Amino acid sequence: MELIMINDTKLKVMLDPSDMDDLSMNDIHRDNTRRALTAILEAAREQCGFDTSHSRIFVQMYPCRRGGCELFVTKMQRREETSMLRAGAERTITEYRKYEPERRYHSGHVIYAFRELGYLLSTCACLLTSGYGGISSAWHDPAGDYYLSLDKETFFAGEHFGRLCPSSMYYYINEHCRLICQDAVPILGNLA
C-alpha cells in the first residue's frame with residue numbers, strides 16, 4: 001500500500017492486488033469494506049498524519065487494469081458542523097457512492113463549476129479568443145462556487161480547474177444562484 005498526501009484534506013491510496021486480498025476489498029458490495037477503509041485510514045494517520053477522526057470523508061475508488069485500485073479520500077467537514085439529519089451512525093465514516101447511470105433531466109445546458117472567480121474569467125477569456133459565439137451565462141452560488149453555462153462543451157474549462165456538472169444542475173442554479181451576467185463569454189472574457 002502506498003500513501004500519498006496531496007494536501008491537508010486529500011489523500012491518494014494505491015493498493016496492489018495483494019493489498020486488495022489482504023484487506024478483502026475485491027468485492028466492494030460486502031460488509032467488510034468499512035473495516036478495510038478504517039484500517040487504511042488508521043495506517044494513513046500513523047504514517048503521514050492524515051487524521052479523519054473528526055471529519056466526514058468522501059471516497060472515490062478507481063480499479064486498475066492489473067488488479068488493485070486507487071482510492072482518493074477527501075475530508076469534507078468536521079462532524080460537529082454537520083446537521084443532525086446527516087450525522088447518523090451510517091454516515092460517520094463515509095458516504096459510499098456507487099457510480100451507476102442515473103436518470104437525470106437534460107436541460108440542454110453545459111454547466112461548469114469553478115471554485116474561484118479568476119478561473120471562470122480565464123475560461124471566458126480563452127473562449128472569447130477562440131471565437132466562441134454561443135449562449136453563455138455566469139452565476140454565483142451563495143455557498144461559494146461560480147458556474148458557467150454554455151451551449152456546448154469546451155476543454156478550456158478543464159484547463160482552468162472547472163469541473164463539468166450534470167446538465168440537470170441548471171435547475172438548481174436557476175433557482176438558488178445569483179446571475180452575474182448573460183453573455184458571460186464576451187463580457188467576462190474582456191475582464192480577465
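Which side chains meet in a salt bridge at 3.1 Å, N to O? They are those of Asp145 and Arg163, a salt bridge being a side-chain nitrogen of Lys or Arg within 4 Å of a carboxyl oxygen of Asp or Glu. This is a predicted model, in which local features need pLDDT of at least 70 and side-chain atom pairs count only at pLDDT 80 or more, while totals for chains, interfaces and linings use all residues. Residues are numbered from 1 along each chain as its sequence is written, and side-chain values use heavy atoms, without hydrogens and water.

The chain has six helices and 10 strands; these are DSSP runs numbered from the N terminus, helices being H or I with at least four residues and strands E with at least two. Of its 192 residues, 38% count as buried, where buried means under 20% relative accessible area, exposed over 50%, and partly exposed in between (1.4 Å probe, protein chains only). Among contacts (heavy atoms within 4.5 Å) with a separation of 6 or more, 67% are between residues 24 or more positions apart.

The structure holds three salt bridges. Side chains of opposite charge can pair when their charged atoms come close. Asp145 is buried, at 13% relative accessible area, whereas Arg163 is partly exposed at 36%.

Asp145 also forms a salt bridge with Arg115, the closest N and O atoms being 3.5 Å apart. Arg115 sits in the loop between strand S6 (110–114) and helix H3 (117–129), so this pair links parts 30 residues apart in sequence. Arg115 is exposed, with 58% relative accessibility. The salt bridges that join Arg115, Asp145 and Arg163 share partners and form one network.

Elsewhere, Glu70 and Lys12 form a salt bridge of 3.7 Å, N to O. Glu70 belongs to strand S4 (residues 69–78) and Lys12 to strand S2 (residues 10–15), 58 residues apart. Glu70 is partly exposed, at 22% relative accessibility.

Asp141 is in the loop between strand S7 (136–140) and strand S8 (146–150). Asp141 is buried but has no salt bridge, and the nearest side chain of opposite charge, Arg163, is 7.8 Å away. For such charges, Lys and Arg count as positive and Asp and Glu as negative, with His and the chain ends not counted. Leaving aside neighbours within four places in sequence, Asp141 is in contact with Tyr147, Tyr172 and Cys177.
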